[in-house]
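Hello,

Here is the structure you will be taking over.

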Amino acid sequence: MFAGALVGGLIETFLSRERMSALFPRKAGAASVLISAAAGILFPVCECAVVPVVRRLIGKGMPLSAAVAYLLGGPIVNPIVAASTTLAYALDWRMVVLRTALGYGIAVSVGLLMGRIFPAKEALLGTEQEQHSHVCPCVVPHDTQSISSVFNEMDGYCTCPGVQETSRGEFISKAGAAFRHAADDFLGIGHYLVIGAFVAALAQTFVSRSVFVSVAEAPGLSIILLMLMAVALNLCSEADAFIAASFRWLTPWSAQLAFMLIGPMFDLKLLLMYQSVFKRRAIITLSALVLTAVFAVACVVELLGGRMKP
Amino acid sequence: MTPDDYLKRSLPAVVFGVWACTFLYLTVSQRYLAFLRPEFGLLLGLSFLLALGFGISGAMRTKEFTVDFPFALRALTLLTPVLFLVLIPETHLGNYAFRNRYVGYHAPADAGRAESGSVSKGRTAAIPEKGGGSGGGAAEQTILEILQNPKAYEGRPVSFSGMILRDESLKQDFGGRDTLVYRFLITCCASDALPLAIVLDSAPAAAFQNDQWVQVKGTFELLEINQKQLPFVARAVVTPITAPKFPYLF
């Protein structure tokens with residue numbers, strides 16, 4: 001979370017809107033979504049760290065569909081998660097390929113659907129200007145007019161007197177601003193992570209895993225139960241494959257796959273953290289789309305692959 | 001500057017300062033080993049530097065922060081885990097977590113793992129000869145090493161350490177036996193801990209309380225219970241030991 005906040009701060013300070021527009025042109029549509037969903041290959045982050053990063057990318061003008069695609073795909077389509085899944089499943093490449101490919105597909109599909117359902121203004125908590133006023137290191141709530149006078153559009157950092165008083169060189173100023181943005185992000189989102197971790201600890205303490213196992217033989221039910229379990233446990237995407245693998249003698253692959261797809265996209269802590277990015281209606285829609293997509297994909301895997309077991 | 005202004009200026013710096021001190025304490029005292037794998041000490045060190053940087057940037061603000069009730073509540077929430085670490089300093093997973101997480105015996109997937117610390121990474125303990133007695137001269141293995149390759153250890157003397165669990169409720173799954181020795185295998189942290197266990201006859205462990213660390217020496221067997229294999233140590237000799245530096249297996 002600290003690292004994710006710092007990456008977000010660096011994006012805010014060092015990445016200009018022009019560069020962001022060049023990377024993710026609004027007119028590119030599906031192409032930018034396809035690229036974003038796979039961006040985790042180059043910027044591998046877990047689901048906790050991706051939220052502050054996406055928050056900043058949206059603030060820089062990243063299209064909603066591309067942002068959602070990276071938010072959902074980044075914690076699955078990345079080399080660290082692929083490596084941990086490979087290790088957990090004893091080098092069985094089938095699960096790694098399925099997890100990565102289906103995670104990518106769901107991220108692209110849900111990203112495109114969110115972009116089609118919602119205009120950015122209706123889905124996101126603030127417009128670009130509003131977000132800037134929230135996070136500007138000088139803590140002056142700029143309106144649109146004053147932003148144009150103090151915000152360095154080329155370099156993407158605030159040049160108002162509040163910042164200049166504390167900085168000497170441009171780089172030091174930018175680095176300081178990046179840390180201030182990062183600190184703001186942590187203070188703005190970190191409490192969701194703490195609350196989510198607390199809820200997960202309650203679930204770990206009071207819910208026995210044998211409850212899930214006792215009804216896991218029925219494929220449809222086992223998919224739902226393992227999805228519920230992933231939502232409740234709030235595991236990191238870089239470690240969840242080891243838990244899923246511990247169920248491989250008790251549940252079908254489709255249920256294990258559902259466990260590993262839903263956790264990085266939607267769990268209790270993410271549900272709380274999404275409140276720092278999206279409006280309520282968008283969160284409900286996003287959650288419904290992700291849950292439906294993962295369940296549908298797992299059911300298709302179950303139907304096509306039967307009760308695959310290693 | 002009034003106390004209220006001072007608070008508004010310093011609260012973010014205080015939050016990050018407390019976290020920086022906590023990371024430093026956990027790293028230097030190695031308290032983090034109670035819930036993280038040893039290699040992650042490096043990440044805690046990095047987190048210390050980042051928290052320090054965030055705190056300094058907060059302290060150097062030229063404009064005061066808007067500290068309202070929701071902000072104060074968020075700050076308190078962020079400090080809650082620190083409070084937990086201070087109030088409950090020596091907590092690690094025990095038999096309660098075992099009961100909640102155990103879903104039966106299956107060979108762990110990752111054959112390249114080994115106990116961190118006394119056993120180097122990737123090492124597989126030498127498999128002892130058959131008929132070597134009740135573990136008298138057996139080399140030390142970990143529960144993980146035995147369960148990764150149970151067929152190879154079948155009928156051979158083994159020696160391993162773990163925590164004792166005795167519970168009547170185990171009898172239904174373990175063929176009437178109510179005693180086992182267990183440890184947790186972790187990938188990143190305690191939240192992903194998986195319990196590993198080997199069953200014993202109850203008599204040799206009768207003198208011990210639950211969660212007492214013990215060393216077990218005996219002959220490893222795989223029993224068939226309800227068409228499932230159950231790792232078991234026959235003719236076990238159980239001796240108490242102090243808790244190891246690394247309570248988990250990695």
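Predicted model: local features only at pLDDT ≥ 70, side-chain atom pairs only at ≥ 80, totals over all residues.

Helix contacts

Helix 1 of chain A, residues 2-14, takes part in both contacts described here. Angles under 35 degrees count as roughly parallel, so helix 1 of chain A is roughly parallel to helix 4 of chain A. Their crossing is right-handed. On the side of helix 1 of chain A, the contact is made by Gly4(A), Ala5(A), Val7(A), Gly8(A), Gly9(A), Ile11(A) and Glu12(A). Helix 4 of chain A contributes Ala49(A), Pro52(A), Val53(A), Arg56(A) and Leu57(A). Sorted by type, the residues of this contact are seven nonpolar, three polar and two charged.

Helix 1 of chain A and helix 2 of chain B, residues 41-59, have axes that come within 10 Å and cross at roughly 50 degrees. The two helices are therefore oblique to each other, and this crossing is left-handed. Phe2(A), Ala3(A), Ala5(A) and Leu6(A) of helix 1 of chain A meet Leu50(B), Ala51(B) and Phe54(B) of helix 2 of chain B. Here the residues divide into seven nonpolar, no polar and no charged.

Salt bridges

Over all chains, the search of the whole structure finds eleven salt bridges.

Arg281(A) and Glu122(A) form a salt bridge through their side chains, at 3.4 Å from N to O. This pair links distant parts of the chain, 159 residues apart: Arg281(A) is in helix 18 of chain A, residues 280-305, and Glu122(A) is in helix 8 of chain A, residues 120-123. Arg281(A) is exposed, with a relative accessible area of 51%, while Glu122(A) counts as partly exposed at 41%.

Lys269(A) and Asp267(A) also meet in a salt bridge, with an N to O distance of 2.9 Å. Both Lys269(A) and Asp267(A) are buried.

In chain B, the side chains of Glu168(B) and Lys171(B) meet in a salt bridge at 3.4 Å, N to O. Glu168(B) counts as exposed at 54% relative accessibility, and Lys171(B) as partly exposed at 31%.

Regards

How values were computed:
Residues numbered from 1 in each chain as written. Chains lettered and ligands numbered in written order. Heavy atoms only, no water. Axes fitted to C-alpha atoms, helices over the stretch in contact; angles between N-to-C directions. Helix = DSSP H or I, 4+ residues; strand = E, 2+ residues; numbered from the N terminus. Parallel < 35°, antiparallel > 145°, perpendicular 65-115°, else oblique. Left-handed = near helix turned anticlockwise from the far one by under 90°. Contact = heavy atoms within 4.5 Å. Nonpolar A, V, L, I, M, F, W, Y, C, P; charged D, E, K, R; others polar. Salt bridge = Lys/Arg side-chain N within 4 Å of Asp/Glu carboxyl O. Buried < 20%, exposed > 50% of the residue type's maximum accessible area, 1.4 Å probe, protein only.
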